[in-house]
Amino acid sequence: MTTLVARPRTFARVQGGLKKVLLRSAILVVLIVLWQMGGNDEVRLGLPTFVGTMRALGEMLADGSLLEALWITNQALVVGYLLAIVVSLPLGVAMGSSPAFERVAGPYLIILQAAPMIALVPIVQAGLGLTFAARVAIVFLFSFIYMTINTMVGVRSVDPALKEMSRSFLASASQRMRFVILPAAVPGIMAGVRLGLGRAMIGMVVAELALIGAGVGSLILDYQVRFQPAYVFAIILVVVLEGVLLMEIARRLELRLSQWKGSTVLE
Amino acid sequence: MSKPAIEIRGLGKMYRESDGDAAFRALGDVNLTIGDGEFVSLIGPSGCGKTTLLKIIDGLIPFDEGELLVKGQPIRGPGRERAVVFQNFALLPWLNVRDNIAFGLKLQGTDAAAMRQTADELISMVGLDGFADRYPRQLSGGMQQRVGLARALAVDPAILLMDEPFGALDAQTRNILQGDLLDIWDRSRKTVVFVTHAMDEAVFLSDRVVLMGTHPGRVHEVIDIDLPRPRTDETRSDPRFVELSSYVWEVLRTMIGHPRRQVAAAS
């Protein structure tokens, strides 16, 4: 298996990879230059320059305010997201393997999926107040539906021939679940876990911006009302970078666990 | 000869349409006795229910009428004394060759050392030395079906049920696998029920060829194959082999070429 992954790493491929990195860096440099030229730090409602944004970032990192905000924000993200995983995987497996349960629970899931999540924020706030629990709940609501649906579809689309084979070889119901259905559903489940992470991050920021002032959200609002867009930009940049980083980790995890599908090779 | 391996008397199978009223008769009044250690092929036009009959013998599909005895005992569901080699291999893509072969043993709770030993013996027997740690997607179709065969043999069944096992393979691979299958069968003398749509394959392998007819699926004719064993590639040019193959084709062509009126209407 390792040989199969390693073999295509020929010189030409490494060279191709290098080209890709150079091209991407070049695009990044061009974008930053354009940003710097288009921005203006004198106009307080306008687009800040790149340099101005970096200066603001440095200042917030130096006084610790940004790290503290990130710490507060990410607590809600981690708790809400893990809770969503813990709830949605068993729920998705149950819905995927029992048509009767799916008929009962399915419509509610569709309602939640169709509902604009942001409209639920006031309801959560009414119930839980301006608390940590409220932010956790919003992260949970944003992320758990996609994970549940993906898990359900993953479980349901397990090749019937494999289930039949396991029955023929005398697998009990729990053996069939453990040795056939769950492993076969891993790629679907992992895709949901990755999508859910993106949604959880949106939920995290939405909760703090929309109503419950805390962490990164309240820091953004602070600088917004003081008309200091460079700081707002710097914070958003960090949040985006965190998102990219987390999604990349999730993507690599997904690829690794789905390797047997053979459709993708881990780079 | 001792007690027959399989006795089928007056067996019938209905498929109910989704609207609940109409029922389609897949098999009607099938009678067939298969002796211990006998190699029997089921062949017939598509829709004759040969695969259905095979799965009924394995216990994967229930039947509605008649009687089915395995070693004199009525069967209800899959059992240890029977194992299936599946049409599209039905290998678990996330397990390597050794673990796929050991799958049936694992379900029975065999300890790891014994499992590994049996798997390694079978890897040699089916000619997969050096491939134990490969994954199914790294193997050709022929090699994948060798794994499928080894997995069935691993649980040491008295009866091997093979569902068009070589149907997805090219002609050369198929010829080689037929020869290897006969070698293995010669050593173990298991009872084999072999579903195929290839006339020459049925004749080359079998002691008897069961020609099945349609509407409903039933035994049309049973042909004794009196070719001497062991059969080799020379057998394929034996005038008697050619004669028997042509005869099977003749009967099949008559069945396909002169469909009854209601058949044409139904399709």
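Mentor: Let's start with helix α6(B), where B:R174, B:L177, B:Q178 and B:L181 are buried. Keep in mind that this is a predicted model.

Trainee: What makes a residue such as B:L177 in α6(B) count as buried?
Mentor: A residue is called buried if 20 or more other C-beta atoms lie within 10 Å of its own. B:L177 is classed as buried, along with B:R174, B:Q178 and B:L181, so each of them meets that cut-off.

Trainee: What do the buried residues of α6(B) pack against?
Mentor: Their packing partners are α5 (141-154) and α7 (199-205) of chain B.

Trainee: How do you know that the span of α6(B) agrees with what a helix should have?
Mentor: The helix has 18 residues, 171-188, and at 1.5 Å a residue they should span 26 Å. The expected span uses one less than the number of residues. The end C-alpha atoms are 26 Å apart, so the two values agree. After the helix comes B:R189, with a positive phi near 50 degrees.

Trainee: Now the sheet in chain B. Why are β2 and β5 called edge strands?
Mentor: The open sheet has four strands in the order β2-β1-β4-β5, with antiparallel pairing. β2 (23-34) and β5 (73-74) each pair on one side only, which makes them the edges.

Trainee: What makes β1(B) and β2(B) a pair?
Mentor: Two strands pair if there are at least two bridges between them. Strand β1 (residues 6-16) and β2(B) have eight bridges, in the antiparallel sense, so they qualify. As one example, B:Y15 has B:F24 in β2(B) as its bridge partner.

Trainee: Which residues touch the most other members of the largest nonpolar core?
Mentor: In that core of 119 residues, they are A:V139 and B:V193. Helix α7 (residues 132-156) of chain A gives the largest share, 15 residues. Another core, of 13 residues, lies apart and includes A:L66 and A:V232.

Trainee: What makes B:V193 and B:I34 a contact?
Mentor: The cut-off is C-beta atoms within 7 Å. B:V193 is in contact with B:I34, and also with B:V40, B:L42, B:L54, B:I57, B:L161 and B:M162, leaving aside neighbours within four places in sequence, so each of these pairs meets that cut-off.

Key: Residues are numbered from 1 along each chain as its sequence is written. Chains are lettered from A and ligands numbered from 1 in the order in which they are written. This is a predicted model: local features need pLDDT of at least 70, side-chain atom pairs count only at pLDDT 80 or more; totals for chains, interfaces and linings use all residues. A nonpolar core is a set of buried Ala, Val, Leu, Ile, Met, Phe, Trp, Tyr and Cys residues joined through C-beta atoms within 7 Å. A residue is buried if 20 or more other C-beta atoms lie within 10 Å of its own, exposed if 12 or fewer, and partly exposed in between; C-beta atoms are placed from the backbone. Helices (H or I, at least four residues) and strands (E, at least two) are DSSP runs, numbered from the N terminus. Two residues are in contact if their C-beta atoms, placed from the backbone, lie within 7 Å.
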